[in-house]
Amino acid sequence: MVMSKMVGATVRRKEDPRLITGSSTYVDDVKLPGILHAAFVRSPYPHGVLKGVDASAAEQAPGVVAVITGDNLHEYLANVDTTSRGEDSGEEDTGATEEDAAGEIPVPPIRPLASGKVRFVGEALAMVVAETRAQAVDAIELVELDIDPLDPVTDVFAAMEDGSPRVYDEVANNIGAVVGGKRGGDVDAAFAAAPFTTSARIRSQRLCASPIEPRAVLANPDPITRGVTFWTSTQAPHWNRNEVAKALGLRQNQVRCIAPEVGGGFGQKIGSYAEDFLVTAAALKLKRPVKWTETRSENFLGSAHGRNQWVDIEAAADETGKILALRARVTADAGALPKGLGLASSTWQMATGCYDIPALDYVCTTVYTNTGANHAYRGAGRPEAAYYIERIADLVADATGVDPVDVRRANFIQPDRFPFDTLTGAQYDSGDYDKALDKALEIIDYQALRQEQAELRDQGRFIGIGLASYVEICGFGPYESSTVRVEPSGAVTIFTGISPHGQGQETTFAQLASDNIGADFDDVVVHHGDTNNTPQGHGTMGSRGLAVGGAAVMLSLDKIRDKARQIAAHMLEASVEDIELEDGVYRVKGVPTRSVTLADIADATYGGDLPDEFDAGLESTDFFRPSGTTFPFGTHIAVVEVIPDTGEIRFLRYVSVDDCGKIISPMLVTGQVHGGLAQGIGQALFEEVHYDESGELISGTLNDYVVPRAHHFPEFESHHTETPTYINQMGAKGIGEAATIGSTPATVNAVIDALEPWGITHLNTPFTPQRVWEAMQSAQESPSAAD
């Protein structure tokens, strides 16, 4: 299929036939002869001194081949102290700042198996390898643990107090990282002079990514490289390959990492975990393939969670709703591992959102607790920042009596000020925030909706209208890679260093190849996820797949097109300047009948009939290094109804207007928005990981952790504006996390707006019916009295 223009066209995803017919291959689908199975012994205590692990009975159990503990770990791993924290995931500046009076904060290493101390329930203490999975699971019950319990600390504020139990002895007051500070004007003076101030303590609760496919890893010794090949459910295969090679003491070309189909990542599958190191090490030493597949309960216990921040935030504003100063103290829970120490730096970087705020005092402190590790979850620090600033915008509206729409207009960064340097150091590439807001207001018919809201309140129905104008950061570097090869038949093969797992780059890259080199869309195959055939790359996260990975592909396509034009000029006996690519063929300008196809050109370059001045082949490998990051934005408006008798929240409408720059594939953009909306609304209304004060996980199954279903959502009304970026040649910014970032504050603001007659100005998420009903019951005023 060759269309005149594929970029911007609505096309079916090339990935979908294998995905919806069940013919895809996930890690657990891979079968190898002689395979062994692994199971893990995990800590039942949140904190304690690990005095010993007795595996003698397990070693004698039927089918058991080996047991790895902290005591014999060095026999399997050349480097037992790993440092995998997910190399980027949108995290920067993880060290201390001027606010950290103690100086540089030590970052403890992460060990695959606990040694000396246990720090959270579910921490891996031993791995049993057996002939069958059932035998491995049975044998872990025979491993005896000698642990002296210590007092745990699960509350971040208690953890920072003097005398609190230390998760790491070398980390004072459990403070793992501090970032932020004072920027711009005099914050204290602005607060003192402001006619209006407002404040709140806001909680962005702990969440679990809950991917449909839990993590898994299968490793097999490689007799050719004398190393190992491993399949793993990861978002960044080259990162895992490099980390595992270092831990095993092997060269990188002795280790091959393959990410087959990945059933959801959402940030949780960034970077290597203990299981990646241990399973590959066991396969290498035992000289047999070894597999481990995570259970759902293990996913809740041992895989990284997300969000989990508190903020004490206050704003000073004038009569128009203009924010004069912003002050905030963010406290982030790292859990028990330094895997996500840099998340709060993204919160800091996006602290002021879409707004031109002249004075800022904003500090983020990340704290260790005896709970599971916190890491990236769809948005990775940016959703928290957007949630805080959009809640404070509505609180400013409450304080000043200015409509929430007008508060945002009074504070927007204006289009003629881009690129815009924020007080936190970010440089926004391009933006037109009024444009997205105006479109959303027009679609929702805002003024009529406000009138309807007032009329319904008189009838005893309570609807709420919530909006959120967000901006986020995408397209992280440091670089991405591409190899594009035109085969002798004219078919095109693309190898990319990103690792898509639902983002659809097999489709978008084929669209780019069709428009830019005249490839047949159906004849383009995109390879990813295998470190043996893809150039070094940084995987898929932070909406970088198209903005950075696609930009690398464009570099390769440009070089191939230039060479193809030269060959076409020779074949058509014309000058290169007269050759144009139109309607899928290379033709002489003004003489459309004189043309050749990409297949004709490929046949010539591989056939050996060209002059010596033309090198054989039509292939290019390139790396794109972005000069900065991209900043998608948008406005979301949610309309909900609160049922007073039950506290239930019902959606009436949801309108999203997202600007991700130039849209390459509209259907893919819509799909990404819908998925993002589901997760953002899930945080607002349903989802939360709970630990009790003793450090026990009490939401460790899908019976306890509520994931929203389709019937919880309205029909999403997804719209777009397009404001191109200059960071890459496509003008694309990224869309993977945008809807998640906009939907949580929009939904929260809508619910709070519906509760206005009760005098309720803030509640913490999730807005379960019980929480909403109890808030209404404890409110000082009844609806009738408030009206």
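Rings of Phe, Tyr and Trp (its six-membered ring) pair if their centres lie within 6.5 Å; planes under 30 degrees apart count as stacked, over 60 as edge-to-face and the rest as tilted. This is a predicted model, where local features need pLDDT of at least 70, side-chain atom pairs count only at pLDDT 80 or more, and totals for chains, interfaces and linings use all residues. Residues are numbered from 1 along each chain as its sequence is written, and side-chain values use heavy atoms, with hydrogens and water left out.

**Exercise 1.** Work out how the rings of Tyr-654 and Phe-716 are arranged.

Step 1: searching the whole structure turns up 17 aromatic pairs.
Step 2: for Tyr-654 and Phe-716, the centres are 6.1 Å apart and the planes stand at 80°, so this pair is edge-to-face.
Step 3: Tyr-654 belongs to strand S27 (residues 648-659) and Phe-716 to strand S28 (residues 716-721), so the pair links distant parts of the chain, 62 residues apart; strands are DSSP runs of E, at least two residues, and helices runs of H or I, at least four, numbered from the N terminus.**Exercise 2.** Are Tyr-654 and Phe-716 buried or exposed?

Step 1: buried means under 20% relative accessible area, exposed over 50%, partly exposed in between (1.4 Å probe, protein chains only).
Step 2: Tyr-654 has 0%, so Tyr-654 is buried; Phe-716, at 15%, is buried too.

**Exercise 2.** Which residues form a ring cluster?

Ring pairs join Tyr-355, Phe-412, Phe-418, Tyr-433 and Phe-633.
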